[in-house]
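Please open the model in your viewer and follow the stops below in order.

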Amino acid sequence: MPYVPKNAPSNERDPDKADMTAFEDKKVFVKTYGCQMNVYDSNRMMDSLATKGYSPTEAMEDADLVILNTCHIREKAAEKVYSELGRIRQVKEKRAKDGKGEMKIGIAGCVAQAEGQEIIRRAPVVDLVVGPQAYHKLPDLLDKANHGTRVVETDFPLEDKFAVLPDARKEVTRKRGVSSFLTVQEGCDKFCSFCVVPYTRGAEVSRPASQIIHEAEKLAAAGVREVTLLGQNVNAYHGESPDGGDWGLGELLFRLAEIDGLDRLRYTTSHPRDMDDTLMAAHRDLDILMPYLHLPVQAGSDKVLKAMNRQHTYDDYVRLIDRIRSARPDIALSGDFIVGFPGETDEDFEETMRIVREVTYASAYSFKYSPRPGTPAADSEDQIEEAIKSERLYRLQDLLAQQQKDFNASKVGTEMTVLLERKGREPGQLVGKSPWLQAVQVDAAEELIGEIVTVKVDNLGSNSLFGTMIDRP
Ligand code: 5AD
Ligand code: SF4
């Protein structure tokens with residue numbers, strides 16, 4: 001999953017929504033770190049807080065409640081949170097001095113899950129620590145915090161944590177834009193030896209298919225054209241089917257493809273071990289399943305893959321990619337890579353370079369290995385020197401950047417469908433997404449936002465393609 005720090009997207013609310021006026025008008029500022037799951041969770045938290053009269057603000061100093069939705073995937077995550085808290089404390093103090101009222105501060109996400117009580121101990125300014133397993137309880141927890149109790153909630157729930165969400169949502173109508181995430185699965189049972197996710201997000205849990213179908217129908221009815229199914233290990237999805245059976249991700253995709261008004265489906269992020277035959281068939285048979293797959297391999301050397309507990313070899317992965325490409329010849333691949341895993345020799349690293357050359361990626365994320373406390377690899381005595389990690393990362397990123405450029409260049413002169421999402425930088429310009437997740441800029445009128453148009457790609461910018469609209473609905 002791409003771990004790119006970003007602020008939570010702004011959330012437009014329907015100003016005419018009458019039931020909002022019944023609440024005390026309070027503001028919440030949410031800052032989101034890390035993966036798309038966190039972006040989704042931030043929205044989910046804002047939805048449930050709307051039931052308590054909180055609306056989002058983008059200015060921290062206006063906020064009655066500040067939530068940091070944190071990420072624990074790489075080094076010094078907790079330290080970064082503590083230093084951010086130092087800055088927030090100053091804003092809180094200034095706000096109090098200006099007579100704007102008290103500001104409550106909450107820590108959510110994977111650092112909250114991992115650190116728990118320790119945050120309360122180290123950071124007196126924090127009122128509330130809530131792990132990803134407990135967001136459905138947020139309004140109640142906040143009540144406690146507002147009454148002066150410092151709250152820590154990081155237990156894994158016994159109740160169905162998904163079941164509560166749609167109810168909280170009923171209160172809110174939010175314009176979600178034309179592309180939306182939908183969580184179908186959380187947690188991971190794979191236990192890759194470098195990764196904290198199985199500890200912070202817990203065991204794999206899949207939502208029942210009927211809930212997902214219902215939510216996707218609501219999104220489609222609200223004008224969403226593209227849905228990305230989210231999960232830490234989404235292709236391990238195994239949920240209850242509407243008739244009480246068991247569905248994998250493939251079956252779910254076939255069913256979602258029937259929903260009127262949904263034109264594009266995607267899913268992220270996946271594990272190579274969980275690409276089953278029905279999912280493969282979905283890639284072969286469903287035009288609306290976009291030809292883009294994020295399927296991390298992490299490394300090329302069989303020895304390193306084994307030490308990472310990835311449960312497959314170089315050859316297994318390459319054969320899998322061959323099968324996927326036979327099912328869907330225009331599919332583009334994206335991946336995650338780790339360099340400098342404990343014990344990785346020069347020869348091992350060359351295997352990573354070799355698999356990248358053999359597979360070719362349209363885009364990728366690559367990282368230096370960083371020991372995460374509590375994971376098996378962190379205890380290994382064969383840690384790799386920083387300078388070697390840097391050099392390997394540089395070489396790998398150079399190769400991946402070249403492949404990305406080649407992939408983008410291969411689309412120049414072709415025609416493609418583009419889902420127009422928002423206004424571009426220049427007046428009269430809109431930005432949309434290609435089937436392969438490339439940003440595409442075209443001259444088009446604003447009322448075409450939300451439409452899928454045909455574009456001829458004219459040339460390549462540094463971060464996007466430029467094209468001319470040749471057909472529209
Ligand atoms: N060190 C470096 N990269 C990591 N990732 C996960 N854990 C670590 C770690 N300890 C990377 C993996 C994963 C992505 C989300 O983050 O490549 O696929
Ligand atoms: Fe982490 Fe591996 Fe699970 Fe991905 S599959 S979330 S890398 S343990």
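Select lysine 411 and tryptophan 436 to begin: the lysine lies over the face of the tryptophan, at 3.6 Å from the ring centre. The model on display is a predicted one.

Next, select arginine 122 together with tyrosine 82. Here the charged end of the arginine sits over the tyrosine ring, 3.8 Å from its centre.

**Aromatic pairs**

The tour now turns to rings that pair with one another. How many aromatic pairs does the structure hold? There are five. Select phenylalanine 191 and tyrosine 199, one of these pairs; their arrangement is edge-to-face, with 5.5 Å from centre to centre and 75° between the planes. Are these two residues buried, exposed or partly exposed? Phenylalanine 191 has a relative accessible area of 38% and is therefore partly exposed. Tyrosine 199 also counts as partly exposed, because its relative accessibility is 38%.

Move on to phenylalanine 337 and tyrosine 361. This pair is edge-to-face, with 5.2 Å between the centres and 90° between the planes.

For the last stop among the rings, select Phe194, Phe341 and Tyr369, which ring pairs link into a cluster.

Which residues does UniProt list for "binding site"? The unreviewed entry names Cys35, Cys71 and Cys110. Select these three cysteines and display their C-alpha atoms. They span 76 residues in sequence, but no two of the C-alpha atoms are more than 10.7 Å apart, so the three residues gather at one spot.

Centre the view on cysteine 35, which is found in the loop between strand 1 (26-32) and helix 1 (36-50). Its relative accessibility is 3%; because buried means under 20%, cysteine 35 counts as buried.

Finally, select cysteine 110, which is placed in helix 3 (residues 109-115). With a relative accessibility of 10%, cysteine 110 counts as buried.

Methods:
Residues are numbered from 1 along each chain as its sequence is written. Chains are lettered from A and ligands numbered from 1 in the order in which they are written. This is a predicted model: local features need pLDDT of at least 70, side-chain atom pairs count only at pLDDT 80 or more; totals for chains, interfaces and linings use all residues. Side-chain values use heavy atoms; hydrogens and water are left out. Rings of Phe, Tyr and Trp (its six-membered ring) pair if their centres lie within 6.5 Å; planes under 30 degrees apart count as stacked, over 60 as edge-to-face and the rest as tilted. Buried means under 20% relative accessible area, exposed over 50%, partly exposed in between (1.4 Å probe, protein chains only). A charge sits over a ring if NZ of Lys or CZ of Arg is within 6 Å of the ring centre and within 35 degrees of the ring normal. UniProt positions are given in the numbering used here, feature names are shortened, and annotations may be inferred rather than shown by experiment. Helices (H or I, at least four residues) and strands (E, at least two) are DSSP runs, numbered from the N terminus.
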